[in-house]
Structure formats: structure tokens, C-alpha cells
Amino acid sequence: MRYLLVAGGAIMSILLFLLASASENSSFFEQNYPWLLGLNALVAVLLLGSVMVLLARLYKRYRRGKFGSRLMARLVLLFALMGILPGALIYLVSVQFVSRSIESWFDVRVESALESGLNLGRAALDESLNDLQSKARNVAQELADLPDAALSSRLSRLREQSQVQEATVLSADGRVIATAGGSLTSLLPDLPSAAVLRRARLSRGFAAIEGGADPGAEPDKNAAKDAAQYAGPNHDAGAAQALRLRVVLQLPASMSSLSLQSETYFLQLLQPVPAQLAANAEDLRVAYSEYQQRSLARSGLRKIYIVTLTLTLLLAIFAAIVSAFLIASGLAKPLLLLAEGTRAVAEGDLSPRPIVATPDELGTLTQSFNAMTRQLLDARTAVERNSAALEHAKAYLESVLANMSAGVLVLDTEFRLVSCNASVERILQQQLDQALGQPLSQIAGLAAFSDAVTRAFSEQSAQTAAGDSDGGNLHWQQQIEIPRQPAGDEAGHAITLLARGSNLPLDQGNGYVVVFDDISDVISAQRSLAWGEVARRLAHEIKNPLTPIQLSAERLQMKLHGKLSAEDAAMLDKGTATIVNQVTSMKRMVDNFRDYARTPPAVLVPLDLNALIREILQLYLNEDASDTIHLSLGADVPEIMGDPTQLRQVVHNLLQNAQDAVNERDGKEGGPVSRIDVRTETIRYQGADGGSRTAVRLSISDNGSGFPPRILASAFEPYVTSKPRGTGLGLAMVKKIVDEHGGRIDIQNRNDDSGATIRIVLLKLADELADKLPEKTPSLLR
């Protein structure tokens, strides 16, 4: 808009200058004034359109309550009034001045003087023309009786006597008969036109003033055209501009009748008007003509001047309003930027504002405001960076806590649960999301754990108050056994937790943190080691005296055989058989102890688990269709790293336990058909590094009676069995072999309480390319 206003102002100034020039020059005004007036009016319309657009935009901003519209409206109004009021005052004074000045230009005395001068000039020219006509008549009389041959000499002498510039005798068809005088630059005389000759013949003569208009006549646009017509074809263009007298007379008829040709001759005399007289007459004529024109058109001239002034005023007003918008925008822009910046800062937006590049105080103010917001932004960025670092550290700590195998509980001073990690729910098998804020003792299943934790903190507080412990040693460590409710409706079994507690400062005051882990497997492993040591010692201490006992009993029987009565002999045989049978049983038990205690280390070689299972099942499958065992071997199961002898023992033990379970249920009436399912499959799981890993899972399920709850909790410990004559070493041996292979084993009853399922996961594969197998399930055991 600013550039358009500058360009429009330049064009408007040029058009107004041309319009004023056209008003002063009547000929230029008559030709170009309407066009100039139209162009100026077009510029005024364009400016008016710009003003209306700007006003409409400002009105819309004002109606919408847009920020800065009120200030913009006030500035536009003030600057517009500053431009319009002085312009309107000058316009009123100019209109009055023009109206009075035009009337004062025309005076009666000036008009009378101009008319007197015109009459004087006309009289002088008429006197010269009458004198030239008299000379022409005299010369015509002298030439009337002369032949054609004597005309030239006589005409030359008469011209000199009459003191005329040029004398010519010519025929009616314009042919020169004789000539005298004339211009030195022209070979032919200035001949009259056919119209002049025709007029001279009809009126017996022609007399005219050529080269200028009559001083008393009205201005005629065709004056030059008529002069050229009367001048004839040989008229000099330069001569047409000079004022001269032309007289054409027909020679007397007597001369024509004696002529051989019987033609009509004409005499033409040319005499220039004196230069000074011609110039004064022309000046007087032009002045009088312009005076008459202005006198007749003074009302129209007044209107033209008023129209020009009005148009100039409108252009100035519209330009002033547009300039007011631009000036107001330029002044309000820094203030509006500052106001918007202040509002943005209040809303938290500290981004840099546009800078007004002006050398005044407003530009300095915007730069200072941007410097302030930049400093605030840097400070906030630093705070956000520190906050992000804290959040990252907090998230990292939360991630560490969430991925810890140990459970972490945070309690307040009233032992209400504040927070916990995922391992707490895994270890305690409790969903604690809805229990946040509740006392630990009121959470279902955690009453015993709450009592143990509360008692431990109370004892720690009592020791600290009594001075029995160091003030900086504010933590405790205990082993806690609590019941845990497994999945389903089975009875709970105890788990062993190693718990550590300490004071913890919280936002609302002090609190407590409890870290614990399930060491049931550790205890079970320690028990297995202890039982292995006991088995080794028993195998050594018990087996040695068993053979002498058996031999001594058999020797007594042999020595006393035949020496006792039949009744005593029968009693001796029965006692000896009892001793031998019990010794044999104890030897078998000691051998089992020895095998459990002295299990050789596994020798891992690439092994096809499916082929091993098919080989073992040849001993169990029947030829008829009543097979109890059903196979489901995965086609894509890779080779594993395993000991064939030990894994064969594992499969034998599990199949034997399954058969014992289904046979025990078969003894009950109304039971289902016995079924044992053996299944192998490939699974995927997430490794410690977050990558995908592949493993092989072996599952053996039966529909027997399942495990009692008291057995299920410690099924893999030695001497834990539900069989009347079992040793309880079968599953313990299986778990020990699986551990030697780096695998995992899990046992659980089926959901419908119709049997049990044992799952073994073997993690060591013979081929690392097995990682590319398709993913089936993210779980290892379930």
C-alpha cells in the first residue's frame, strides 16, 4: 500500500499539473481537458475505493474486537482530520478568490480601447486597399489599347510608376501574358486561383487582404485554408503568412476586342502591407479575439477552475486518508507488536517478536523487549532442560525399579501403600493398582506380610530409641514366610521372602520402603543341596552295615535249620525273610540316594528331541488302537544341546508319573478315558538385551488326579511324594537335570482339575539360525 500510494501520488501530481496547464491554455484546454479531467477522476475513484476497503477492514477488526483496532481507529481519525481540515479551508478561500478574480479581469474601458484599435487598423488597411484599386484601374486603362507584344515593357514601366511589388497580365484560363516585379526566389508570379478570376469577372474586380485575418472579424479556424485557396496554386507558403494586398481587374473590353485571340485578360497587382503595420494589426486582432473568447466563456472558466479545485481537494482528501492509514499503521505497529508480545509472554510464549527496524525509540523498545524475552526463553529452556533431565532420571529410576526382580513397596507413616513396582504383583500374585492409598493390613492376602513388616519397623524404632543401634543404621532385614493363593480354587501354600526395610523421606513427611524377593527357589535349591549331602552320607553310613546284617540273618537261618521245631523254624524263616527284604529295600533306597547325590554333569551334544521322544515312546505305545499316549511333535523344532542319557531319564520319569496318575484314577468308577499328551513346539521369548530369542518347549499332560496342594508347592524337593511307596526323588532328579541343561521346568494342575501339566523349556539350541523362526507366543511356560 505504501508503494502504491507513492506511485499514485506521483501520477496524481502530474495529472493535476497537466490539468492546471490545460486550464490556462485555451487551445490545449479545448483539446485535452476532458481527457485529463477523466484521468484525474479515475485516480480519485481508485483512491476512494482504497479508502473504502481500508475503512471496511478497520470496521471489521473493530467489530470483532481484534486487539489494536481501537488504537488504529483513533490514529487514523486524528491524522485524517489533520489533512482534511486545512485542505477544506484552503479550498473555500481558493473558490472565493477565483470567483472574484475572474470577474475583475473584464473591464469596459479595456474592451472600448481594443475596439478602437481594431477600427483604426481596419481603416488603415482599407485605405491601402482602396489606393491599390485606384492604381489598378489606371494601369488597366493604360494597357487597354496595347498589343500583346508591347504589354511587357509597358507593364514594367507602369508598375514602377505605381510603386507596386508585382503586376501581372493573365488570361482567363490563368496563362501569363505579361508580368513585372515579383520575388527573386520565384520564377513564376503568384497567380490567382480560378475562383478569384471567376469572382473578378462576375463583379468586375476583386480586392482582398491576404496573409492574416481581418482585425475586426471573429477568429476563424479555416483562415489559413481560405488564404491558400485565394492564393492559387503558385502561392508561396511563406508569403501566405505575411499580410499583403491583392487586386484583380478585368482589362477593358476595347483591348480584348482588338486582340487576335478575342480573349479576356485580367490585371493583378500585389502590394505587401508595411511590416510594422501588419504586426500591430495582427497583435491587436489576436488580443481582441482572446478577450472576446474569455469574456464569453468566463462563467464556464469559473466552473472549470472550481471543478479543478474540487477534484484537487478530493484527491488530497482521499490521499490524506490513505496516508493516515499508512502513518497510523507505521506508528501503531511497534505498539501492537509490544502489546501482542506482552500477551504472548503472559500466555507462556517466549518466542522472538518481529523487530521494527526504525532508528527511533519505538525500534529500540521492541529490540529491548525481544532481548528480555530471549533471556526469559533461555532461562525457561534451562529450567525445562533441567526438568527434562530430572524426568529422564526419574523415568530411568522407575524403569530400573519396574524391571527389578525384587519387589519394592513404598509406605507412608500409617503404612498405607503409596507405590509399588511390577515385581510386587508378580511375587505376591496380587493386583495392587486399585489398592493404592489403602493400609497394607487391609489388602486381601497381605495381612501376614503387613504384620511382619509393621513388627520389623516397630522393633527398629524401639532399638533406635533405646540406643541399641547406630542412628545412621536405620534398616532391617528379615526372612518372612507368608501364604500365597495360586490360580484357581486350590489351597494356598507358603512362600519365603527375604525383606529389607528402611525409612524414606516423602513429600508429605517420612515413610518407609520395603524391598523383598522370593527366595523360595533358593531355599528349595539349598534343600536339594542339603538332601544331596545327606543322601551321600547315608549311602556311605547305611549301606556298609546292611550287608553284614543280611549275611548274619541268613547264617543264623542256615545254622539253626533242622535244630528247631516246626513252629520255631517257621518263625525263624519268617523273621529271616523279613530282615532280608528290609535290607534289600534299604539297599535300593540307598542306591537312589547315591544316584541323586552323584548325578554326573551333563554332556551336551546336538540332539533331535523329537527323535529321542519317538525312541522312548516305543516302549510305551501299544500296537492296538487303545494307546493312552498321544504325540504332537512340532515339525519346525530345531536341534537342542542336551545329554541324551539324562533327557531319556527325564522323559521316563515324567511318563511313569503320568501313567501312575491315570492308573490311580482308572481304579475309580466313572472316570474318563485315560489320556497322556506329549507335545513339543518352538517358542519365542524376549532376551535380556531386548532381542527375540528361540527356545524349545516339551509339555507332558495327563487327565489323572493331579497334585495335592501341599505337594504342588514343594513338588521338586526330595522325598516329597503323594505315592504310598514312592521315594520322592523322581521330580527332584528331573529338576536337577533340567537345571544342568540351563532350562526351566514348571508344574501345575489343569484348570478343570482333571490332571496336571509339566512344561520344560530348553534354551540352548544347536543352531543359532533358529532365531529366524516365526514367533508363536511371548511366554515360556504358559
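Leu-338 counts as buried because its relative accessibility is 13%; buried means under 20% relative accessible area, exposed over 50%, and partly exposed in between (1.4 Å probe, protein chains only). This leucine lies in helix α10 (residues 298-346). Helices (H or I, at least four residues) and strands (E, at least two) are DSSP runs, numbered from the N terminus. Leu-338 and Leu-365 are 27 residues apart in sequence, and their C-alpha atoms are 8.4 Å apart in space.

A word on what you are looking at: this is a predicted model, in which local features need pLDDT of at least 70 and side-chain atom pairs count only at pLDDT 80 or more, while totals for chains, interfaces and linings use all residues. Residues are numbered from 1 along each chain as its sequence is written, and side-chain values use heavy atoms, with hydrogens and water left out.

Now let us turn to charges. The structure holds 13 salt bridges, each being a side-chain nitrogen of Lys or Arg within 4 Å of a carboxyl oxygen of Asp or Glu. In one of them, the side chains of Arg-246 and Asp-190 meet at 3.1 Å, N to O. This pair links distant parts of the chain, 56 residues apart: Arg-246 is in strand β4 (residues 244-250), and Asp-190 is in the loop between β2 (176-181) and α6 (194-203). Arg-246 is buried, with a relative accessible area of 0%, and Asp-190 counts as buried at 7%. Asp-190, Glu-210, Arg-244 and Arg-246 are linked in a network of salt bridges.

Another salt bridge joins the side chains of Glu-681 and Arg-697 (2.8 Å, N to O). Glu-681 lies in strand β14 and Arg-697 in strand β15 (residues 692-702), so the pair ties together parts that are 16 residues apart in sequence. Both Glu-681 and Arg-697 are buried. Strand β14 (residues 676-686) also holds Arg-684, which is buried with a relative accessible area of 6%. The side chains of Arg-684 and Ser-692 are joined by a polar contact of 3.1 Å. A polar contact is a pair of N or O atoms within 3.5 Å; within protein, one must be able to donate a hydrogen and the other to accept it, and residues adjacent in sequence count only if both atoms are side-chain atoms.

Next come the rings. The structure holds 5 aromatic pairs. Rings of Phe, Tyr and Trp (its six-membered ring) pair if their centres lie within 6.5 Å; planes under 30 degrees apart count as stacked, over 60 as edge-to-face and the rest as tilted. The ring centres of Phe-415 and Phe-457 are 6.0 Å apart and the planes stand at 55°, so this pair is tilted. Phe-415 is in the loop between β6 (407-412) and β7 (417-420), while Phe-457 is in helix α13 (residues 447-466), 42 residues apart. Phe-415 is buried at a relative accessible area of 16%, and Phe-457 counts as buried at 4%. Together with Trp-476 and Tyr-512, these two form one aromatic cluster.

Finally, look at helix α16 (residues 609-617), where the buried residues are Leu-609, Asn-610, Leu-612, Ile-613, Ile-616 and Leu-617. Seen down the axis of α16, they fall within an arc of 160°, so they line one face of the helix; the arc is that of the directions from the helix axis to the C-beta atoms.
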